[in-house]
Amino acid sequence: MLGKMTPKKTITAASLVHDGQPIATQAVPKDFAWLRDSTGSETQTMYFHLDNGCVGFVQIAWAYLAYTTTIETNAMFYVPGHPCVFETHNGHNLKVKKDSYEFECKGLSMAWDKDHTNLSVKYTAGKERSPKGVAASFEFVRKSEGYKIGDAKNYIADGTAAHYFYPAGEVTGKGELGSVKFESSGVALFIHAHSGNIMPYNVGAEWNMNFFTGHREGAPKEDKDRITFHILQYQTPDNVGAVNCSNAALTEDSNLKAVFWDTTVEHFDMVKDENGSGYEIPRRLVFTSTGKTVDGKNIKAVFDARPSLRLHDIDVLGEMPFVIRRVVQALITKPFIFERFEENAKVTVQVEGEEPYNIVGVAFHEHTLMK
């Protein structure tokens, strides 16, 4: 007689932390080293807000899927007053050097210095293929400590998915979007993501990522220290429990102030996507994050988000190579990523024993559906 099969499930990194131990821990340089696990996926991504209004990200992505290893470069740039540009290209010939802290492929390189404080990013993939494409370079100076939740690993069925964060750094960037040139400084967020023994489309059925930057509401001009707040949240597929996994952090003047490991997301004002995906997407999302400040106080942040400016919609299948597309299409109907921007964003922060306050600014939003 056959034994009863054990259902697959999700076990979060936060739930594995022993009583009395901190749930948020420091991410160290080795957490950002390239791993190249042969049975999963990996990304190194820098999101940025520049003072001239330019917002976007640059990413190198690796995956082993359908007996094929793929390397891609992905980049998005939005300069106010100009159309948003999204590019994805085959990276070819991934090279990992300097104890796995320097990695490059065709069209993109990222390299940390020996102290793991400065990151140089050079993106040329667009211009290499078309005069209308993008080329940009960035210098990212890490200011805050890195963080992770527990050991960072969420156990999903027989695999793992992990995220490591440098939540804030000063960045300078310059580039060309076709004939449009830009050069400015600003703030950036760096994320290393890795999955092992599980394909990326099995990690989460629905994702929310946002990156806010601004200052305290009502602060005098001379006291307007830059504040950042980011959330990366996803819900695992139904067949592994539909469990909420989340990471979030608040920084002030590039110093880590708080880390959050429990974020709930509520969707409101659902409307059918007008751009052909077939999905209903929210016009309003309310994120409620709870965690601890670096000095041990309870903290809650509520982000009542209304991302109204459409930047780009990414038809994931349409961007994939043929062989991989056929495999994924058999498992997922329509994977789509909706890139949005919010020009008048507000986050309400409540620290234990203190009066609540608002931070106001702008926010980049990324809403992903893998169903």
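Biologist: Which strand does His-367 lie in?

Modeller: Strands are DSSP runs of E, at least two residues, numbered from the N terminus. His-367 lies in strand S24, residues 357-369. Keep in mind that this is a predicted model, where local features need pLDDT of at least 70, side-chain atom pairs count only at pLDDT 80 or more, and totals for chains, interfaces and linings use all residues. Residues are numbered from 1 along each chain as its sequence is written, and side-chain values use heavy atoms, leaving out hydrogens and water.

Biologist: Is His-367 buried or exposed?

Modeller: Buried means under 20% relative accessible area, exposed over 50%, partly exposed in between (1.4 Å probe, protein chains only). His-367 has 10% relative accessibility, so it counts as buried.

Biologist: Which side chain joins that of His-367 in a polar contact of 2.9 Å?

Modeller: A polar contact is a pair of N or O atoms within 3.5 Å; within protein, one must be able to donate a hydrogen and the other to accept it, and residues adjacent in sequence count only if both atoms are side-chain atoms. Here the partner is Asn-208. The His-367 side chain also reaches the backbone oxygen of Trp-207 at 3.4 Å.

Biologist: How many bridges pair S19 and strand S20?

Modeller: Two strands pair if DSSP finds at least two bridges between them. S19 and S20 (residues 280-293) have 13, in the antiparallel sense, and His-267 stands opposite Leu-285 in S20.

Methods:
Helix = DSSP H or I, 4+ residues; strand = E, 2+ residues; numbered from the N terminus.
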